[in-house]
Amino acid sequence: MGAALTGLALSGASWAQDRNIVMASTTSTEQSGLFAHLLPAFKKASGIDVKVVALGTGQALDMGRRGDADVLFVHDQAAEEKFVADGYGLKRQPVMYNDFVLVGPKADPAAVKGTDIVAALGKLAKGGSAFVSRGDKSGTHAAELRYWKAAGIESPKAGYAAYQECGCGMGPALNIAASSNAYALADRGTWLSFKNRGDLAILVEGDQRLFNQYGVIVANPAKHPHTKTALAQAFADWVVSAEGQATIASYQIGGQQLFFPNAGTK
């Protein structure tokens with residue numbers, strides 16, 4: 001067992017459980033390849049298998065509310081804090097961050113290229129260039145809607161004819177954008193691992209508003225006593241430990257780090 005888990009006190013009943021848990025997480029963490037890198041290291045340290053159900057953050061939190069997940073690994077801080085405040089989670093712990101980027105055709109017909117996401121979305125809506133939204137209540141979708149609101153657009157779906165919601169994960173949304181030469185908001189991790197870019201390129205990045213924080217939450221057994229609290233806590237403790245954080249930092253594609261550990265922050 002890894003050093004990060006040596007102090008973990010598990011009851012006899014917990015040890016008797018099947019050594020596996022269900023984690024509700026985001027399509028961005030799954031499709032970026034992070035879990036294929038992270039979870040074998042956790043299994044080696046703990047002996048615990050993790051089954052990932054990759055959804056939008058909103059759907060992942062709904063899984064937690066229903067008691068269908070033991071632990072959540074998501075990226076919508078306001079929604080996560082409400083989940084805990086409503087009694088569905090024990091505690092929210094920050095784990096890592098990356099950032100969002102606006103991608104679009106290299107020719108950039110809407111002339112959005114730069115470092116200001118709000119100004120870019122304002123130009124898109126006025127110019128009428130195609131935009132693909134995940135439209136799935138994910139953390140990425142929630143962030144996108146915040147940016148539209150900051151640009152003075154309360155409902156892009158209502159007033160932007162070329163705005164398309166796919167109701168899908170990050171990878172499929174990027175596929176649609178690539179095939180239709182449209183703009184899209186993406187998390188950098190999925191973008192770096194995405195192969196089917198077509199004529200798309202990053203056009204807006206570096207805005208501090210594009211910061212993308214991920215957190216881990218153990219389901220509250222007071223709401224759903226059947227959840228595997230001790231095993232889920234073992235994962236949460238490991239992923240914020242020095243060993244877990246180093247494992248996250250070591251994940252790279254093409255020499256670029258996808259996620260940056262920051263456990264212990266707010």
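**Figure 1. Overview of the protein chain.** The protein chain holds twelve helices and twelve strands, and the model shown here is a predicted one. Its radius of gyration is 19 Å, close to the 18 Å that the globule rule gives for 266 residues, so the protein chain is as compact as a globular protein of that length.

**Figure 2. The largest nonpolar core.** This core has 29 residues, and those with the most contacts inside it are M23, V71, F73, M96, F235 and V239. Two or more residues each come from β1 (20–26), α3 (34–46), β3 (71–74), β4 (89–105), β9 (211–219) and α11 (229–239), with α11 giving the most, namely seven residues. Apart from this core lies another one, of 21 residues, which includes F100, V112, L121 and L185.

**Figure 3. The surroundings of M96.** Leaving aside residues up to four places away in sequence, M96 touches T29, L34, F73, N212, Q213, Y214, I248, F259, F260, P261 and N262.

**Figure 4. The contact between helices α6 and α7.** The axes of α6 (residues 117–127) and α7 (residues 139–150) come within 8 Å and cross at roughly 80 degrees; angles of 65 to 115 degrees count as roughly perpendicular, and α6 and α7 are therefore roughly perpendicular to each other. On the α6 side the contact is made by I117, V118, L121, L124 and A125, and on the α7 side by E144, Y147, W148 and A150. Sorted by class, this contact has eight nonpolar residues, no polar residues and one charged residue.

Key: Residues numbered from 1 in each chain as written. Predicted model: local features only at pLDDT ≥ 70, side-chain atom pairs only at ≥ 80, totals over all residues. Heavy atoms only, no water. Axes fitted to C-alpha atoms, helices over the stretch in contact; angles between N-to-C directions. Helix = DSSP H or I, 4+ residues; strand = E, 2+ residues; numbered from the N terminus. Parallel < 35°, antiparallel > 145°, perpendicular 65-115°, else oblique. Contact = heavy atoms within 4.5 Å. Nonpolar A, V, L, I, M, F, W, Y, C, P; charged D, E, K, R; others polar. Core = buried A, V, L, I, M, F, W, Y, C linked by side-chain atoms within 4.5 Å. Buried < 20%, exposed > 50% of the residue type's maximum accessible area, 1.4 Å probe, protein only. Rg over C-alpha atoms; globule rule 2.2 N^0.38 Å.
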